[in-house]
Amino acid sequence: AQTVTQSQPEMSVQEAETVTLSCTYDTSENNYYLFWYKQPPSRQMILVIRQEAYKQQNATENRFSVNFQKAAKSFSLKISDSQLGDTAMYFCAFMTAFQGGSEKLVFGKGTKLTVNP
Amino acid sequence: DTGVSQDPRHKITKRGQNVTFRCDPISEHNRLYWYRQTLGQGPEFLTYFQNEAQLEKSRLLSDRFSAERPKGSFSTLEIQRTEQGDSAMYLCASSTYRGEKLFFGSGTQLSVL
């Protein structure tokens with residue numbers, strides 16, 4: 001069974017600075033998807049960024065980028081130029097890409113990020 | 001596109017009562033998912049539909065839980081004989097393809113007294 005571990009329960013950063021959230025996962029599969037989702041206090045979960053394991057290039061979405069290390073099973077999220085609106089819970093998640101396999105997302109426990117003015 | 005909507009937003013019930021939640025996915029999405037989230041935890045998968053077919057159920061989904069998606073449109077999640085341990089946020093999400101992003105609703109917060 002796949003597991004996702006987020007070792008930082010809480011983090012804080014000053015506005016305009018850069019912060020990195022850590023995520024490791026465990027799987028025996030070779031092809032899969034990895035995600036970072038954001039859940040602000042309003043509670044609606046929103047996708048931040050997505051990575052396909054067969055792509056070596058790290059995904060980037062504006063101020064958000066990932067460092068995907070497949071051999072180390074590591075998938076960290078870097079937020080540049082942090083903004084107050086980035087304050088939220090951040091969840092790392094895994095889904096197998098195996099056709100016919102489970103379509104469930106396996107989530108980590110989350111990291112609570114606070115951006116301070 | 002009005003997003004994924006869930007109803008009600010909050011539900012307070014007494015132990016032993018039955019409750020039903022509704023989820024309306026984005027209209028062109030054929031995949032619909034239910035997750036449960038307790039305080040301080042990440043969401044846990046409950047069940048998944050592709051169109052009207054329920055293709056996957058978690059072992060978390062005891063026989064007191066049942067989900068339907070008639071006609072492949074909206075979905076309902078029913079919990080019979082609620083227990084205090086059922087208190088949680090119930091999240092619905094929808095998507096078009098495997099591995100694509102999920103669009104989540106705002107959830108239904110259930111409190112069982």
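**Hairpins, bridges and an interface**

Analyst: Let's start in chain A, where strand 8 and strand 9 form a hairpin with four residues between them, and A:Lys73 in the turn has a positive phi of about 55°. Keep in mind that this is a predicted model: local features need pLDDT of at least 70, side-chain atom pairs count only at pLDDT 80 or more, and totals for chains, interfaces and linings use all residues. Residues are numbered from 1 along each chain as its sequence is written, chains are lettered from A and ligands numbered from 1 in the order in which they are written, and side-chain values use heavy atoms, with hydrogens and water left out.

User: What makes strand 8 and strand 9 of chain A partners?

Analyst: Strands are DSSP runs (E, at least two residues; helices are H or I, at least four), numbered from the N terminus. Two of them pair if DSSP finds at least two bridges between them. Strand 8 and strand 9 of chain A are joined by six bridges and run antiparallel, so they pass that test. A:Phe64, for one, stands opposite A:Ile79 in strand 9.

User: How do you know that strand 7 of chain A pairs with strand 8 of chain A?

Analyst: Two bridges link them in the antiparallel sense, and at least two is what the rule asks for, so they count as a pair. They also make a hairpin, this one with two residues between the strands, and A:Asn62 in the turn has a positive phi of about 55°. A:Glu61 stands opposite A:Phe64 in strand 8.

User: Why is the contact between A:Lys73 and A:Asp26 called a salt bridge?

Analyst: The term needs a side-chain nitrogen of Lys or Arg within 4 Å of a carboxyl oxygen of Asp or Glu. Here the closest N and O atoms are 3.8 Å apart, so the pair qualifies. The pair links distant parts of the chain: A:Lys73 is in the loop between strand 8 and strand 9, A:Asp26 is in strand 4, and they are 47 residues apart.

User: How do you know how many residues are in contact between chain B and chain A?

Analyst: Contact means heavy atoms within 4.5 Å. On that basis, 27 residues of chain B touch 24 residues of chain A. The two chains bury about 2,000 Å² between them, 47% of it on carbon and sulfur atoms; buried area is the accessible area (1.4 Å probe) that two parts lose on being put together, summed over both. B:Arg98, B:Gly99 and B:Phe104 lose the most area on chain B's side, together 34% of what that side buries.

User: Why are strand 1 and strand 7 of chain B said to stand at the edges?

Analyst: They belong to an open sheet of four strands in the order 1-3-8-7, with antiparallel pairing. Each of the two has a single partner strand, so one side of each is left without a neighbour in the sheet. Strand 1 pairs with strand 3 of chain B over three bridges, with B:Gln6 opposite B:Cys23.
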